[in-house]
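Good morning, and thank you for coming. Please have the sequence and the model in view as I speak.

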Amino acid sequence: MEYKTEEKEAFGRGKVKVLGATFEEGKPEDVKMGKWREKMTNRKEMLKYIETGERYWYSKDWYGSEKRKKPA
Amino acid sequence: MADGKLVSIDKTVEVLLDKMEKDGVESCWDRHLQQEPRCQYGDLGLCCRHCGQGPCQIDPFGGEQQKGVCGATAETIAARHFIRMIAGGAAAHSDHGRGVAEVFLAAAKGEAKGYEIKDEQKLLTMAMDFGVEIGDKSIEEIAVEVGEIALAQFGQQEGELKYIKKAPLKRQELWHKLGVTPRGVDREIVEIMHRTHIGVDNDYKNLLLQGTRAAIGDGWGGSMIATDLQDALFGTPYPVLGRVNLGVLKEDEVNIIIHGHEPLLSELIVVVSQEKEMLDLATSKGAQGINLVGMCCTGNEILMRHGIPVAGDFLQQEIAIATGAAEAVVVDIQCIMPSLPSVADCYHTKVISTSPKAKFPGATHIEFDEHNALNSAKEIVKTAINNFPNRSRNVNIPKESVDLIAGFSYETINYLLGGMFRASCRPLNDNIINGRIRGIAGVVGCNSVRTRHGEGHVEMVKELIKNDVIVLQTGCSAIDCAKAGLMVPEAAGKYAGSGLAEVCETVGIPPVLHMGSCVDNARILIAATAVIKEGGLGDDISEMPVAGAAPEWMSEKAISIGHYFVASGVYTVFGANFPTLGSKKLTKHLFEELEEQIGGMWGFEPDPVKAAQLMIKHIDKKRKALGIDKTRERVLYDMAMRRELEAV
Ligand code: SF4
């Protein structure tokens, strides 16, 4: 799709150009649209996603603010 | 009679209160006027009737009456009352959760026809949370183990709830230090009832600690279990297009309104109402189809998962019947006005109760039994269809209805921010750190006749998004903001500040995200925890630029939710009224001292815009403490600017 820019007022820095909407206009019609979990069709894929996408709780080695902490 | 324009910002209320007046039907707003003036002792939390020697009342102006007969002070009386409200709210959420766990277990064992585990992935995460080995086990085998552990969480006597481990580590440590980590969901509620009995716990700070323990048991226990099991059973919500407000009722179809809080029966009614047998029956009665709509949190549940339209919020339940177009109002539990059968008496509507826990004199009772749920659902839909020919000509369906996007579970937000291979909170954290997003607010809760219907939610949320605060919503608060057009992506450009609008437009999300029903406030806790664990915004929720609010609260559940937000480290502002104002010491403890003790604190401000400004001020305070207050003003740094910044 073609990217549109818009001019907006930004806090403390006057007018700035920003990227406009990147979604298609109109209403979604396909009922399956957005059902991202259905992209994973077997348990292996699900477990892999859980370990990466939801690493905050389910990865053995997550990064982030708590990596250096001892368990509570 | 109440004036619709004065009591609500919603045009449907004005139109239908006029109709009710003509039809000679009383509304909650009329009864509200009849109740004035309210008892000031009760309003301020200074009336006790915990034993037969009362009621005892404390004079808030320092007169002679400063202690109850037993010697209880204003602090003791107000604190006992406050934590009993927490107990009531936590019990409501948790008993809902227990009911879901029972159906889940029956479904896993193949004993509940019509139900199946729809979201294997959510089940797997629950299995990991509960320490259930996955291996090559079947979905059903895992679900039985998960269901049994979930059910046992409610009656657990020792140790700590399993979901406590999902909280930020620093928060867990604090809860351990304060001795408020819940042992079991029920136990903490029972202990409140014990400690608030005459002559047991009389220290308001100590009483409040038990309130905190029970509230955590609700947010990080009963409610979280309910949400997760419902997701596993019916599917974790995806973004879905829906419509909201009474204009979703249809002139020529059988209108069935499903009202209450559980998705258990309503999920099956959704299935049954689409069956050919039912559609044929509707046609034979002269209807063009079956129009299923939701109300309150059952409405939110079926909206989130199926895009079923929502007819309205808590305060629209009576006027929905007054349209004269509802063949049936099907109710389960919580927030259902006892007045519904008497309002329905004036029209053809059948009020159908379904829970053995919630019966209504004058209603038709068709009991929901998970082992026979499909048949219960069929009987309900047939009863509604058979009532269609009884509809009179006295029908007025308001035109108002608008689009919304719902279905923002935490999992989906995380996915939307990064996609299948990079799902992450990182873009959210980055945009909070760079200042495009100033902070996060959770605006939730009920409606109350004590505020102008809808105004508190809508004005507060508009003020927040205008100031670049992204808003997460649940419950009737979400319904009200959806009605105001705040839950479509286009709302970002129209109402949000430039920074927030830029982010929303890039991701393609509204600036106000519908996360579900009131038990789903647990989703907000999980989203906040994910942001913390992602890094860069402190080590605990109390360090994040975040605030909570319930500007039109009325239920005990709202008090429990508010207190588990506070206990999780969130500054939480309530509107309408506040139940401890008669005790200065207790109120000071809740509004100020708790921040020192537990990181979060309560606030009270009836003006929604001023309340939003308090939240923004708190968010800015947290930004400053994190050292990211300057980044809101940052453009491209030249060396002079850098030097200037370093010198500050
Ligand atoms: S518990 Fe004490 S304050 Fe309450 S009603 Fe009894 S005597 Fe009065």
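**The ligand shell and the interfaces of chain B**

The shell around the ligand is made up of six nonpolar, four polar and two charged residues. Before I name them, please bear in mind that we are looking at a predicted model.

Which residues lie around the ligand? They are B:C48, B:R49, B:H50, B:C51, B:Q53, B:G54, B:C56, B:G68, B:V69, B:C70, B:R80 and B:I198.

Let me turn to the domains of chain B. Domain 1 covers residues 74-234, domain 2 covers 246-390, and domain 3 covers 408-626. I shall discuss the pair formed by domain 1 and domain 2 of chain B, whose C-alpha centres are 30 Å apart. In this pair, 18 residues of domain 1 of chain B contact 17 residues of domain 2 of chain B. The two domains bury about 1,400 Å² between them, and carbon and sulfur atoms account for 57% of that area.

How many salt bridges cross the interface of domain 1 and domain 2 of chain B? There are two. In a salt bridge of this model, the side chain of B:K357 meets that of B:D95, with a distance of 3.1 Å from N to O. Across the interface of these two domains of chain B there are also five residue pairs in polar contact. Two elements each give two or more residues to the side of domain 1 of chain B that touches domain 2 of chain B, namely α5 (74-108) and α10 (204-234) of chain B. The largest share, nine residues, comes from α5(B). By class, this side of domain 1 of chain B holds seven nonpolar, five polar and six charged residues.

I now move to the interface between the chains. Here 58 residues of chain B contact 41 residues of chain A. The buried area between chain B and chain A is about 4,400 Å², with 56% of it from carbon and sulfur atoms. Within chain B, the residues that lose the most area to chain A are B:Q121, B:Y238 and B:K533, which together make up 17% of what that side buries.

Three salt bridges are counted between chain B and chain A. B:E534 forms a salt bridge with A:R55, and their closest N and O atoms are 3.4 Å apart. The count of residue pairs in polar contact between chain B and chain A is 15. Several helices of chain B give two or more residues to the side that touches chain A, among them α6 (120-130), α7 (139-155) and α23 (521-534). Which element gives the largest share of this side of chain B? The answer is α6(B), with seven residues. In total, the side of chain B that touches chain A divides into 21 nonpolar, 16 polar and 21 charged residues.

Finally, a word on the whole structure, where a search over all chains finds 50 salt bridges. One pair for you to locate is B:R31 and B:E318, which form a salt bridge with closest N and O atoms 2.7 Å apart. This pair links distant parts of the chain: B:R31 belongs to helix α3 (residues 28-35) of chain B and B:E318 to helix α14 (residues 317-322) of chain B, 287 residues apart.

Terms used: Residues are numbered from 1 along each chain as its sequence is written. Chains are lettered from A and ligands numbered from 1 in the order in which they are written. This is a predicted model: local features need pLDDT of at least 70, side-chain atom pairs count only at pLDDT 80 or more; totals for chains, interfaces and linings use all residues. Side-chain values use heavy atoms; hydrogens and water are left out. A residue is near a molecule or strand if one of its heavy atoms lies within 4 Å of it. Ala, Val, Leu, Ile, Met, Phe, Trp, Tyr, Cys and Pro count as nonpolar, Asp, Glu, Lys and Arg as charged, and the others, Gly among them, as polar. Domain bounds come from an automatic or database domain assignment. Contact means heavy atoms within 4.5 Å. Buried area is the accessible area (1.4 Å probe) that two parts lose on being put together, summed over both. A salt bridge is a side-chain nitrogen of Lys or Arg within 4 Å of a carboxyl oxygen of Asp or Glu. A polar contact is a pair of N or O atoms within 3.5 Å; within protein, one must be able to donate a hydrogen and the other to accept it, and residues adjacent in sequence count only if both atoms are side-chain atoms. Helices (H or I, at least four residues) and strands (E, at least two) are DSSP runs, numbered from the N terminus.
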